[in-house]
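Q: How do you know which strands and helices in a structure belong together? Look it over before reading on.

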Amino acid sequence: MGFFNKMSEPVFLKKGSGLEERLERLRALEPLLNDEGKAKIRQDIRNLEAGMFGEKNIAFELENSHMPMYIIHDLYLRDGDLTSQIDYLVVTRKICFIIECKNLYGDIEIDSQGTFVRTMGFGNQKKREGIYSPITQNQRHMALLRKLRLEQSKGFLSRFLRDRSFEEDHRAIVVLANPKTVLDARYAKKEVKNQVIRADHLVDFMKEACRNSKAAELTDKELLNWAQSYLDMDEENETDYLKKYEGYRAVLGNEKRENGVRDARTRGAYGSGTRNDKSMGNHNSAGNRPVGNRKSSVNGVGTGYADGNGTRTRHGDSSGTEYEHEHGNGNGAGSCLSEEERESLIKELRSYRWNTSQAEGIKPYMVFNDKQMMDLLEKFPANGQELKKVFGFGDVKVEKYGAELIGILNKYRG
């Protein structure tokens with residue numbers, strides 16, 4: 001079976017967690033706060049920068065592993081009021097690894113009870129403190145992932161088999177990404193030791209786990225289907241990270257006179273509420289977005305349009321929440337369709353999805369689900385690069401389905 005497999009290197013199905021944009025928004029907000037607020041936000045900025053550094057270390061290790069595997073960075077799961085944010089989900093031919101990244105400072109000790117204790121030095125003084133167990137955090141990730149995985153199953157037998165094999169097929173691990181961290185787990189139980197490793201040991205750990213697994217190796221097609229089933233679970237994280245700073249806004253003497261100007265400056269960085277982006281990691285290091293049309297609905301702002309190499313649309317009421325969508329084409333073709341044309345296009349996309357799923361022997365939602373189809377209609381991409389901005393379309397999907405999907409859209413492009 002393995003003779004026909006061609007995949008030999010890691011592939012990111014989703015790359016980028018949006019932390020860069022969050023960091024830029026915090027930096028933009030900082031000068032608008034009072035002294036107490038600035039102190040709080042600076043600490044949060046430092047923590048965010050440390051987290052980004054840790055995630056980049058892990059990404060480097062995975063990219064240079066030379067293992068056939070699919071990587072999903074920043075998988076956000078939701079089931080009712082339950083949510084879970086997985087730093088890295090890595091699907092190999094035998095095991096799916098759920099990775100919790102920790103860029104911890106100081107020395108970490110794990111005692112016989114599984115308690116995590118951190119020791120940090122301050123000059124000649126040392127401070128010891130207990131910290132929340134990242135193993136417990138990862139167990140919660142696993143529980144929700146398992147629940148959603150079983151809900152994908154159709155039929156009692158399929159559900160039973162998936163449930164029975166879940167523990168064997170999935171491994172939750174905590175990776176300490178700070179190279180200066182010293183880990184002392186000599187008194188920890190074996191099952192705890194096996195869940196906490198340093199970033200520079202990650203690849204060797206994964207390879208050994210796969211060698212020791214008795215599971216049959218998946219083919220290229222099976223591997224992609226397994227990984228895609230998890231990417232299809234990905235939801236938007238609608239958490240308002242800026243709300244906590246609302247009480248620290250600096251009061252300016254000429255506030256009334258400059259109200260309009262300040263509101264324009266702060267809507268994206270401060271009091272407008274939540275900003276939701278469905279971009280698949282195509283930001284550069286400065287937080288800039290690719291050129292393309294951008295539609296933005298901002299509640300409490302009213303409605304307006306602005307041209308760049310695209311369109312920016314804002315709608316609003318008084319709730320103070322910002323939603324943003326990006327159009328990939330330059331002519332707003334998706335929004336210019338008549339109701340009849342839109343229904344015809346949806347019917348054609350569903351027909352393509354069904355025929356493709358039957359030809360590949362997979363579920364239709366694995367080609368693209370309804371949520372992804374609606375984003376496809378919203379952005380109306382004109383080429384492969386723009387298609388990558390559509391929710392759920394990474395390099396693999398664009399390569400497999402991109403040309404045909406663009407061909408379908410072109411028939412309706414004005």
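A: Two strands pair if DSSP finds at least two bridges between them. Strands here are DSSP runs of E, at least two residues long, and helices are runs of H or I, at least four, numbered from the N terminus. This is a predicted model, in which local features need pLDDT of at least 70 and side-chain atom pairs 80 or more, while totals for chains, interfaces and linings use all residues. Residues are numbered from 1 along each chain, and side-chain values use heavy atoms, without hydrogens or water.

Q: What makes strand S5 and S9 a pair?
A: Strand S5 (residues 107-110) is joined to S9 by 3 bridges, and at least two are required. The two strands therefore pair, and they run parallel.

Q: Why are S7 and S9 called edge strands?
A: Their sheet is open, has 4 strands in the order S7-S6-S5-S9, and shows mixed pairing. Strand S7 (125-131) and strand S9 (182-184) each pair on one side only. On average, neighbouring strands of this sheet are turned by 20° against each other, direction ignored.

Q: What is the strand order in the open sheet of 6 strands, and which strands stand at its edges?
A: The order is S1-S2-S3-S4-S8-S10, again with mixed pairing. Strand S1 (10-14) and strand S10 (196-198) each have a single partner strand, so one side of each has no neighbour in the sheet. From one strand to the next, the twist averages 35°.

Q: How do you know that S4 and S8 pair?
A: Strand S4 (residues 96-102) and strand S8 (residues 170-176) share 7 bridges in the parallel sense. Lys102 stands opposite Leu176 in S8.

Q: Why is H9 called roughly antiparallel to H13?
A: The axes of helix H9 (residues 339-360) and helix H13 (residues 395-410) cross at roughly 155° and come within 11 Å. Because angles over 145 degrees count as roughly antiparallel, H9 is roughly antiparallel to H13. The angle runs from 0 to 180 degrees between N-to-C directions, with axes fitted to C-alpha atoms over the stretch in contact.

Q: Which residues of H9 and H13 make the contact?
A: Contact means heavy atoms within 4.5 Å. H9 contributes Leu345, Glu348, Leu349, Tyr352, Thr356 and Glu360, and H13 contributes Lys400, Tyr401, Glu404, Leu405, Ile408 and Leu409.

Q: What makes H3 roughly antiparallel to H4?
A: Helix H3 (residues 134-151) and helix H4 (residues 156-169) pack at an angle of about 155°, their axes 9 Å apart. That angle makes H3 roughly antiparallel to H4. Among the residues in contact are Met142 and Arg146 of H3 and Arg159 and Phe166 of H4.

Q: How confident is the predictor, and where is the mean pLDDT of an element lowest?
A: On the pLDDT scale of confidence in each residue, from 0 to 100, the mean for the protein is 79, and 78% of its residues reach 70 or more.

Note on methods: Parallel < 35°, antiparallel > 145°, perpendicular 65-115°, else oblique.
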